[in-house]
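Please walk me through this structure in plain terms.

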Amino acid sequence: MEVPYKLEVIALTTIIIKLGVSVFPYSGKNQPPKFGDYEAQRHWMEITVNLPIQDWYRNTTDNDLLYWGLDYPPLTAYQSYLTGSVAKKINQDYVKLHVSQGFENFDHQYFMRMSVLVSDCIFFVSALYFYIRSLKMSNKYKWVFFALSSHSGLTLIDYGHFQYNCVSLGLTLWAIIFVSQGKNVLAAIAFSAALNFKQMELYHAILLFAGFYLLASCQPKGSSLPSQLKNLVQIGAATVATFAIIWYPFLQIHDWLLQQVIVRLFIPFQRGIFEDYVANFWCTLNVVIKIKRLLNPTSITSGTIT
């Protein structure tokens with residue numbers, strides 16, 4: 001007889017596994033001067049709760065971009081601000097400007113771990129739970145939920161290394177859920193939010209959304225041209241509105257601020273364009289346009305344009 005494993009029990013088991021990983025040290029622990037991505041996430045909280053929004057992405061005396069400068073889209077910055085505001089209420093030392101750099105103690109580590117767990121449950125685990133439950137699969141397929149929600153790569157990166165990839169992946173999964181239900185406007189909103197949390201979601205955008213499904217859904221079989229245009233306008237309006245709301249604080253301050261943020265996200269000369277997640281684009285472009293011949297080697301590896 002097949003044991004009726006409940007998704008709730010499997011979800012709880014997943015959370016226990018994630019908490020088990022978080023007990024161990026994160027990468028960069030006790031390793032000055034930068035202390036790893038754990039310190040990067042803490043530092044972004046420090047910057048966003050202490051500095052005005054126009055200084056979040058630019059180099060100032062209070063914001064040294066070479067020390068874990070903020071380089072993810074605005075939704076990440078807003079999350080850092082929200083989490084940092086909670087941290088400040090718990091203990092101001094967690095995010096005190098300048099003096100909190102490299103801050104490490106058990107209570108703070110517990111707070112940071114819980115912030116990942118809460119984000120994971122709200123966005124990724126909830127989306128996966130809803131999706132698997134809606135399929136009404138047999139018990140053996142419910143283990144797909146366990147395999148994906150406790151995926152070793154995501155768990156180790158978010159809980160061991162220290163990131164919030166669960167948020168962008170969760171928003172993308174919600175977009176897929178809405179697509180499966182024919183709610184294309186909600187799918188556009190969810191995926192736009194994912195893009196504005198981490199620009200790496202652009203990898204999904206070309207094939208799944210912008211390139212194929214959402215555009216193809218504008219012209220269902222047998223539909224009239226006005227109906228197709230209406231669908232296209234709705235999806236486009238939802239996308240533009242989502243971007244406008246998220247970017248509005250940066251658009252209303254100074255004209256140069258928007259340019260500064262975009263340069264920081266996609267053209268990171270200050271830390272080297274062949275570094276980290278932006279490297280894929282620049283390495284691919286380098287096949288066609290020999291960037292190393294156009295720019296000084298120093299400017300593309302460590303960051304100063306000459």
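A residue is called buried when its relative accessible area is under 20%, exposed when it is over 50%, and partly exposed in between, with a 1.4 Å probe and protein chains only. The model is a predicted one, in which local features need pLDDT of at least 70 and side-chain atom pairs count only at pLDDT 80 or more, while totals for chains, interfaces and linings use all residues. Residues are numbered from 1 along each chain as its sequence is written, and side-chain values use heavy atoms, with hydrogens and water left out.

Charged pairs come next. Side chains of opposite charge can pair when their charged atoms come close. A salt bridge here is a side-chain nitrogen of Lys or Arg within 4 Å of a carboxyl oxygen of Asp or Glu, and by this rule there are five salt bridges. One of them joins Asp-120 to Lys-18, with 3.1 Å between the closest N and O atoms. This pair links distant parts of the chain, since Asp-120 lies in helix α4 (residues 106–135) and Lys-18 in helix α1 (residues 7–22), 102 residues apart. Helices are DSSP runs of H or I with at least four residues, numbered from the N terminus. Asp-120 has a relative accessible area of 1% and is therefore buried; Lys-18, at 1%, is buried as well.

Another salt bridge connects Arg-58 and Asp-55, whose closest N and O atoms are 2.8 Å apart. Asp-55 is buried because its relative accessible area is 13%, whereas Arg-58, at 28%, is partly exposed. Glu-39, Arg-42 and Glu-46 are linked in a network of salt bridges.

Asp-158 sits in helix α6 (residues 152–162) and is buried, because its relative accessibility is 0%. Leaving aside neighbours within four places in sequence, Asp-158 is in contact (heavy atoms within 4.5 Å) with Val-116, Gln-163, Tyr-164, Asn-165 and Cys-166.

How do helices α3 and α10 cross? The axes of α3 (residues 74–90) and α10 (residues 225–251) come within 9 Å and cross at roughly 80°. Axes are lines fitted to C-alpha atoms, for helices over the stretch in contact, and angles run from 0 to 180 degrees between N-to-C directions. Angles of 65 to 115 degrees count as roughly perpendicular, under 35 as roughly parallel, over 145 as roughly antiparallel and the rest as oblique, so α3 and α10 are roughly perpendicular to each other. Pro-74, Leu-75 and Tyr-78 of α3 make the contact with Ile-246, Trp-247, Pro-249 and Phe-250 of α10.

Notes
Helices (H or I, at least four residues) and strands (E, at least two) are DSSP runs, numbered from the N terminus.
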